[in-house]
Amino acid sequence: MSKTTAYEQVQAARAANKISIQMLIDGLTEDFFDCHGDRQRADDPAVIAGLATIADRPVTIIGIQKGQTLAENQARHFGCATPSGYRKALRLMQQAEQLRQPVVTLINTPGAYPGVDAEYQGQGRAIADCLLAGLQLKVPFLSLIVGEGGSGGALALACGDQVWMLANSTYSVLSPEGYATILWKQSQRAAEAAEKMRLTPTELLADGVIDRIIPEVATAADCQPLKAAIDEALTALTAKPVTELVAQRQARYRQF
């Protein structure tokens, strides 16, 4: 059997049949309650966030999701969140801390929305606020990269106590096409760039960037093993004193 190349891994992470964040939430939770709006300007459909229970445990779930139709993808900027989306995520993080319940983030994004309007509305600040809040959360925080984990748009929700990746996913500072364009001025060298970027789950696990590789989940019905793993991880994290939990999370990211 031939070894999967890094760029083939990129293509698998982007595949149209990748499980949607909504479907994943449906498989993991019993009673998801969708929350809307950033309480400042708008509701970004690229970010799905709300309250639920996983194995009878109350949790806050925040996800960045792509669309399943052209219209959905246009509305969600193909999974690229706007400042309103990150402010919604921040609001739910702060609410989770008030409710003393864990945060689980589910990520599938090529990066934050790069439009001019997003920059005028404070895209960088919104991402930075999520990072700051995530690193200081006084509740357990688990991050799962489902498909693409691109740039600061993904990192905003990927600063958990543990970071997991599905087997067919990637996590990198930018796309291979972007890397090739910047470094060599040749986007067609994306496959070569992917090999150099160490963006696959196996490489990231070896480098200590992530903690666990999860077998691919195709449908909501396949979520039971992942649900059990999340429950086990949250049980262990909940048992830690809050000061230790936060100190260990911050130390994790200071080492890189």
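## Exercises on a predicted model

Seven of the eight residues of strand 3 (residues 57-64) are buried, so this strand is largely enclosed by the rest of the structure.

**Exercise 1.** Work out which strands pair with strand 3, and in which direction each pair runs.

*Solution.* Begin with strand 2 (residues 47-54): eight bridges join it to strand 3, and the two run antiparallel. Leucine 51 is a handy place to look, as it stands opposite threonine 60 in strand 3. Now turn to strand 4 (residues 103-109), which runs parallel to strand 3 and is joined to it by five bridges. Here isoleucine 61 has valine 104 of strand 4 as its bridge partner.

**Exercise 2.** Describe how helix 2 (residues 21-28) packs against helix 11 (residues 224-238).

*Solution.* First take the axes: they come within 9 Å and cross at roughly 70 degrees. Angles of 65 to 115 degrees count as roughly perpendicular, so helix 2 is roughly perpendicular to helix 11. Then list the contact: Leu24, Gly27 and Leu28 in helix 2 meet Leu226, Lys227 and Ile230 in helix 11. Finally, sort these residues, which gives four nonpolar, one polar and one charged.

**Exercise 3.** Find which residues of helix 8 (residues 176-184) are buried, and what covers them.

*Solution.* Pro176, Gly178, Ala180 and Trp184 are buried. Their cover includes helix 1 (6-13) and helix 9 (190-197). Just after helix 8, lysine 185 takes a positive phi of about 60 degrees.

How values were computed
Residues are numbered from 1 along each chain as its sequence is written. This is a predicted model: local features need pLDDT of at least 70, side-chain atom pairs count only at pLDDT 80 or more; totals for chains, interfaces and linings use all residues. Side-chain values use heavy atoms; hydrogens and water are left out. Axes are lines fitted to C-alpha atoms, for helices over the stretch in contact, and angles run from 0 to 180 degrees between N-to-C directions. Helices (H or I, at least four residues) and strands (E, at least two) are DSSP runs, numbered from the N terminus. Angles under 35 degrees count as roughly parallel, over 145 as roughly antiparallel, 65 to 115 as roughly perpendicular and the rest as oblique. Contact means heavy atoms within 4.5 Å. Ala, Val, Leu, Ile, Met, Phe, Trp, Tyr, Cys and Pro count as nonpolar, Asp, Glu, Lys and Arg as charged, and the others, Gly among them, as polar. Buried means under 20% relative accessible area, exposed over 50%, partly exposed in between (1.4 Å probe, protein chains only). Two strands pair if DSSP finds at least two bridges between them.
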